[in-house]
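Trainee: I would like to go through the terms used for this model and see what stands behind each one.

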Amino acid sequence: MTAETGFVPTVFSLPSESAYSWVWAVSAGLVAIFVLYLTQGIARRRFAYAHGCQAPPRYAHRDPILGLDSLRDSMQARKSDRYFRREQQLHQAYGNTFMSLLLGSWMVNTIEPKNLEVLFSTKFADYEVGFRRRNAFAPLFGKSIFQSDGTRWQTLRSQLQLCFSRVQTSQLGLLESHCQRLLAALPSDNQKFDLALFLHRFAADVSTDFLFGESINSLENPQNLDGGALKAFADTHSTCELRWLLGSMSWIWPQRTFMKNVRLTHRFIQRYVDAALEREVTPPGKASDQQNEQRILFIDQLRQRTQDPIALRDELTTLYFAGTDAPAALLINLFFVFSKRPDVWDRVRSEVQSLGGKAPDLQQLKGLRYVQDCIRECLRLYPPQPSNSRVAVRDTVLPTGGGPDGGSPVLVPKGMMVHLSVYALHHRKDLWGEDADEFRPERWSYEKQTWKYIPFLGGPRNCVGMDFGLNEVAYAVVRMAQNFQTITSVDPDEWVEGSSIALESKNGVKVVMCRDA
Ligand code: HEM
């Protein structure tokens with residue numbers, strides 16, 4: 001200490017005892033983390049060795065830390081309507097399984113049917129939907145089935161399956177009434193218009209009727225879909241996608257408009273939930289004969305399984321999301337093809353002639369082989385959900401894709417994401433033949449639905465609304481074919497990839513249609 005100032009510079013002062021113990025604690029912590037990291041690394045190497053794992057090819061990143069180059073390229077591809085085409089090209093360049101960086105985290109990209117079977121079925125328990133999905137959709141869907149895993153997901157899944165099976169019988173009547181509205185709403189013959197707008201409205205009318213017991217009837221009042229809460233809902237989708245991409249950094253994206261749209265959506269759905277909670281509903285199995293004749297509502301079935309208004313709202317928001325855009329996209333893509341291929345439309349029409357103009361029952365619908373093959377083929381060429389992903393919950397292995405020949409197993413460490421491009425899988429020429437990019441429903445006379453074809457995914461977590469969605473689309477095709485002699489495209493371009501959440505024709509379905517004489 002200097003006599004004049006009584007000041008000792010801190011750099012020369014001796015640390016106190018408590019400072020020593022703090023330094024020790026931090027050092028010990030760091031050493032512990034390092035040892036843990038090392039032992040985990042060794043255990044992982046042993047695990048990989050024991051399973052014969054080898055590394056798959058790696059994307060040649062220009063930014064090897066965060067992989068921002070590939071993010072930028074994929075966003076540019078999105079802007080120029082070739083996002084899924086780019087995914088397909090990447091697989092063509094790097095193979096059916098390769099690794100790439102997403103904002104600093106390595107992920108496996110695979111379109112190997114063997115791997116997909118393991119991912120979604122045989123090692124289902126090794127994966128979950130993961131933080132990205134939970135975080136991206138939480139404001140909108142809460143803790144609904146779409147973001148849940150483990151026992152919560154199992155409970156919600158069996159509840160929904162029960163609801164679907166209880167309301168099955170009333171589906172066709174509902175579809176018939178909305179098909180009649182669609183037929184009445186379509187413009188008169190020889191007028192140019194975009195059929196996609198009407199198909200979107202049809203899908204929204206069907207799903208609100210099916211889920212809430214009350215249709216928004218947008219075919220009669222387009223504003224019910226194009227304005228207000230459902231417009232707000234549609235506007236949330238692109239932010240959800242961005243939130244997914246940003247992962248734990250999603251907070252950097254402005255939330256105000258997004259949250260306003262979320263609140264509007266919730267208020268809209270809450271109205272149906274409140275009405276359902278106030279209704280007297282007879283428990284399953286106790287309905288009188290008279291009540292049995294009444295339509296069984298999906299929302300009432302769900303309400304019998306939970307009375308929590310928030311849980312009901314979140315589940316119904318999710319169901320509306322999952323159950324509207326995908327069938328609409330399928331219908332739009334299918335009618336795009338019909339409008340370009342008069343030969344296909346003629347065959348559809350000649351097949352439905354067997355019904356003699358009458359509405360089909362379920363058995364007749366399923367028995368229309370060519371119609372069903374057209375739908376299958378459209379789902380192959382333009383899968384409404386064109387990509388998907390899962391995250392490993394423990395160190396696990398995919399059976400193929402590693403090593404120089406791509407035939408060795410691949411290690412997927414806990415926390416790593418596995419991404420799959422359904423679009424690229426469905427366009428693989430080695431699996432589907434040289435005509436993989438062509439619409440050829442005839443291929444379904446010999447093709448089987450294996451893991452190379454997964455428009456609804458597969459395994460325990462496949463689409464729970466698959467049957468309803470397929471019936472909806474087939475029914476609409478039949479009723480249109482019974483009424484329209486020709487559907488002619490007035491769009492000179494080929495099908496262009498759109499950028500909405502479900503994969504659909506960007507330019508809609510610009511047509512001129514002629515009714516039967
Ligand atoms: C043609 C139409 C449809 C297609 C192509 C389709 C496709 C899919 C796919 C690929 C999944 C898996 C998503 C994932 O886990 O990552 C899925 C899940 C789901 N779909 Fe569909 N879907 C369609 C129609 C519907 C309909 C009409 C509904 C309901 C009314 C529905 C409700 C659901 C639900 C609730 C899930 C989540 C299932 C779970 O996590 O266990 N879908 N769908």
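Trainee: Which elements each supply at least two residues of the lining of the second largest pocket?

Mentor: This is a predicted model. In it, α8, α9 (223-226), α10 (228-246) and α14 each give at least two residues to that lining. The largest share, five residues, is from α10.

Trainee: What makes a residue part of the lining of the second largest pocket?

Mentor: A lining residue has an atom within 4 Å of a grid point of the pocket. For the second largest pocket, 19 residues line the space, and His200, Leu225, Leu230, Ala234 and Asp325 lie nearest its centre. The volume of this pocket is about 500 Å³. By class, its lining holds ten nonpolar, four polar and five charged residues.

Trainee: How many cavities of 30 Å³ or more are there in the whole structure?

Mentor: The search finds two. The largest cavity has a volume of about 750 Å³.

Trainee: Why is that space called a cavity and the other a pocket?

Mentor: In a cavity a 1.4 Å probe fits but cannot get out, whereas a pocket is an open set of points.

Trainee: What lines the largest cavity?

Mentor: Its lining has 37 residues, with Ala322, Gln385, Cys463, Val464 and Gly465 nearest the centre. Two or more residues come from each of α6 (150-167), α8 (195-212), α14 (309-340), β5 (387-392) and α20 (466-481). The largest share, seven residues, belongs to α14. The classes are 24 nonpolar, eight polar and five charged.

Trainee: How do you know that Cys463 is a donor to the iron atom of the ligand?

Mentor: A donor here is an N, O or S atom within 2.8 Å of the metal. The SG atom of Cys463 is 2.3 Å from the iron, so it counts as a donor. Cys463 is the single donor from the protein. Cysteine 463 sits in the loop between α19 (429-432) and α20.

Trainee: Why are helix α5 and α14 called roughly perpendicular?

Mentor: The cut-off for that word is 65 to 115 degrees. Helix α5 (residues 130-141) packs against α14 at about 110°, with the axes 9 Å apart, so α5 is roughly perpendicular to α14. Phe137, Leu140 and Phe141 of α5 make the contact with Asp314, Thr317, Thr318 and Phe321 of α14. These residues are four nonpolar, two polar and one charged.

Trainee: What makes α14 and α15 roughly perpendicular?

Mentor: Their axes cross at roughly 105° and come within 5 Å, α15 being residues 342-352. That angle falls in the range of 65 to 115 degrees, so the two helices are roughly perpendicular to each other.

Trainee: Which residues meet there?

Mentor: From α14 they are Phe335, Phe338 and Lys340, and from α15 they are Pro342, Val344, Trp345 and Val348. Six are nonpolar, none polar and one charged.

Key:
Residues numbered from 1 in each chain as written. Predicted model: local features only at pLDDT ≥ 70, side-chain atom pairs only at ≥ 80, totals over all residues. Heavy atoms only, no water. 1 Å grid on protein atoms, 1.4 Å probe; cavity = no way out; pocket = protein on both sides within 12 Å on 5 of 7 lines; lining within 4 Å. Points joined across faces, edges and corners; volume = space filled by probe spheres on them. Helix = DSSP H or I, 4+ residues; strand = E, 2+ residues; numbered from the N terminus. Nonpolar A, V, L, I, M, F, W, Y, C, P; charged D, E, K, R; others polar. Donors = N, O, S within 2.8 Å, 3.2 Å for Na, K, Ca; no water. Axes fitted to C-alpha atoms, helices over the stretch in contact; angles between N-to-C directions. Parallel < 35°, antiparallel > 145°, perpendicular 65-115°, else oblique. Contact = heavy atoms within 4.5 Å.
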